[in-house]
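These are my notebook entries on a structure that was new to me. I kept them in the order in which I looked things up.

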Amino acid sequence: MPRRAGAAARSGAAVTAAALSLPLGGGCAAPRPPGPAAAESHRAAHRPAVRRAPSPPRPEPAAAGREAAMSLLSALVPLLRVYCIGLLVILHQLRRHLRPRCPPATVSPQTSAQSRAGAASLSPVFPTQNGKVAIVTGGAKGIGYQTAKHLARLGMHVIIAGNSESEGQEAVRKTQEETLTGKVEFLYCDLASMKSIRQFVQRFRAKNCPLHVLVNNAGVMLVPERKTEDGFEEHFGLNYLGHFLLTNLLLDMLKQSGTHSHNARIITVSSATHYVGKLHLNDLQSRCSYSPHGAYAQSKLALVLFTYRLQHLLTANGSHVTANVVDPGVVNTELYKHVFWVVKVAKWMTAWLFFKTPEEGASTSIYAAVSPEMEGAGGCYLYNEERTKSADIAYDEELQRRLWTESCKMVGISDESSRVP
């Protein structure tokens with residue numbers, strides 16, 4: 001009986017050990033390989049955790065709406081500012097146009113004849129300018145053409161600088177017919193190209209003639225977003241940087257031509273829109289948010305800042321050259337081809353009453369170029385042939401200096417102003 005019991009016990013232990021896959025006694029039994037499910041579970045448990053990059057948060061509808069509203073506002077605000085200042089100028093011109101003019105009680109026959117001559121030409125009688133040389137940019141059309149024509153009539157040798165050979169030659173022909181003088185010619189100059197500006201200066205220097213008057217008149221207005229040949233935003237590149245480079249390249253000739261009693265003169269045409277312009281030194285090319293109205297106003301503000309800084313440098317160096325900026329007012333020219341169609345219709349219907357003619361618009365440029373009253377006077381903002389106050393920001397000397405320095409870098413010339421306080 002005891003033997004049977006022991007055998008039975010050993011048999012039960014063997015069965016239990018086999019069932020549990022355990023070695024019996026001192027034997028070395030191989031473990032049973034795990035099943036597919038168990039193996040996968042084991043690998044998953046020991047697999048290293050993979051960190052997934054968090055997906056970008058989806059903009060909430062409210063945030064997207066605010067962004068769209070801000071974008072619209074950034075374009076709408078400059079538009080409203082430009083049209084508001086334009087309307088104010090138009091109302092001022094209308095009031096001036098309707099103002100009764102009282103003739104003097106008694107005038108001499110000579111004075112009366114001069115008054116009639118002045119009225120006929122819509123400008124005062126200026127002294128002749130025989131022997132002097134002037135360059136007028138954009139002198140083939142509009143204000144520039146009237147400026148060039150009047151300077152030629154006074155006896156100046158006028159160089160019309162423009163980017164259209166056909167329009168330039170036609171302007172030369174018309175000027176010669178109307179003024180009966182041959183002292184006018186055309187030289188090609190595209191102010192949207194730094195290369196073209198340098199070539200123009202080389203051709204002018206080759207003439208070996210002096211330079212007494214430089215009229216920075218050319219410009220574009222409210223053009224759609226596009227770049228110049230050198231990659232600059234077109235308003236800033238053509239209106240401002242083109243004239244900045246041209247003036248600096250011709251400055252030595254102007255200094256050589258000016259004398260103590262007869263200063264050489266630089267006249268730059270700006271606009272009343274500079275009053276609402278914002279100069280973004282960290283985004284002069286309007287890359288962040290483009291507005292044609294904001295870009296145009298910024299270029300006109302830059303021209304005023306440039307003129308004031310230039311006059312400061314000329315005075316510090318004792319040069320016989322003056323620099324002034326003029327505001328022609330709202331003038332009926334071709335610059336309005338990029339405005340809204342509603343504005344075009346309104347202009348077509350009312351320009352005869354509210355807008356100045358190109359000849360009237362040119363009167364302040366001519367006054368700044370030849371008037372004896374402006375002899376030796378520089379750093380002035382002129383409107384309707386009178387000195388007036390420009391925007392407060394334009395008198396910021398630190399802003400003038402920073403813009404000048406940045407402009408030198410953009411056009412690739414040395415900044416000699418760094419030696420002047």
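I began with His212 and found it in the loop between helix 7 and strand 4 (213-216); helices (H or I, at least four residues) and strands (E, at least two) are DSSP runs, numbered from the N terminus. I noted that His212 counts as buried because its relative accessibility is 16%, where buried means under 20% relative accessible area, exposed over 50% and partly exposed in between, with a 1.4 Å probe and protein chains only. Setting aside neighbours within four places in sequence, I listed Gly131, Lys132, Val133, Leu254, Ser257, Ala264 and Arg265 as the contacts of His212, a contact being heavy atoms within 4.5 Å.

Before going on, I wrote down that this is a predicted model, in which local features need pLDDT of at least 70 and side-chain atom pairs count only at pLDDT 80 or more, while totals for chains, interfaces and linings use all residues. Residues are numbered from 1 along each chain as its sequence is written, and side-chain values use heavy atoms, with hydrogens and water left out.

I then checked the confidence: pLDDT, the predictor's confidence in each residue from 0 to 100, averages 83 for the protein, and 76% of the residues score at least 70. Residues 1-31 have a pLDDT below 50, and this stretch has 4 contacts beyond near neighbours in sequence in the model. Residues 103-123 also fall below 50, with 9 such contacts. I reminded myself that where pLDDT is low, the predicted coordinates should not be read in detail.

Next I turned to the largest nonpolar core, which has 59 residues, and among these Ile135, Phe200, Phe204, Tyr240 and Leu250 touch the most other members. Such a core is a set of buried Ala, Val, Leu, Ile, Met, Phe, Trp, Tyr and Cys residues joined through side-chain atoms within 4.5 Å. The elements that each supply at least two residues of this core include strand 1 (133-137), helix 7 (194-205), helix 8 (234-257) and helix 12 (397-411), and helix 8 gives the largest share, 12 residues. Leaving aside neighbours within four places in sequence, I found Ile135 in contact with residues including Ile159, Phe200, Phe204, Val215 and Leu250. Apart from this core lies another, of 33 residues, among them Phe126, Met156, Val213 and Ala362.

How do helix 8 and helix 12 meet, and at what angle do their axes cross? The axes come within 10 Å and cross at roughly 85 degrees; they are lines fitted to C-alpha atoms, for helices over the stretch in contact, with angles running from 0 to 180 degrees between N-to-C directions. The two helices are therefore roughly perpendicular to each other, a term for angles of 65 to 115 degrees.

Leu222 has a positive phi of about 60 degrees although it is not a glycine; Leu222 sits in the loop between strand 4 and helix 8 and is buried, at 8% relative accessible area. Ser286, in the loop between strand 5 and helix 9, has a positive phi near 55 degrees, and Ser286 counts as buried at 8% relative accessibility.

Terms used: Angles under 35 degrees count as roughly parallel, over 145 as roughly antiparallel, 65 to 115 as roughly perpendicular and the rest as oblique.
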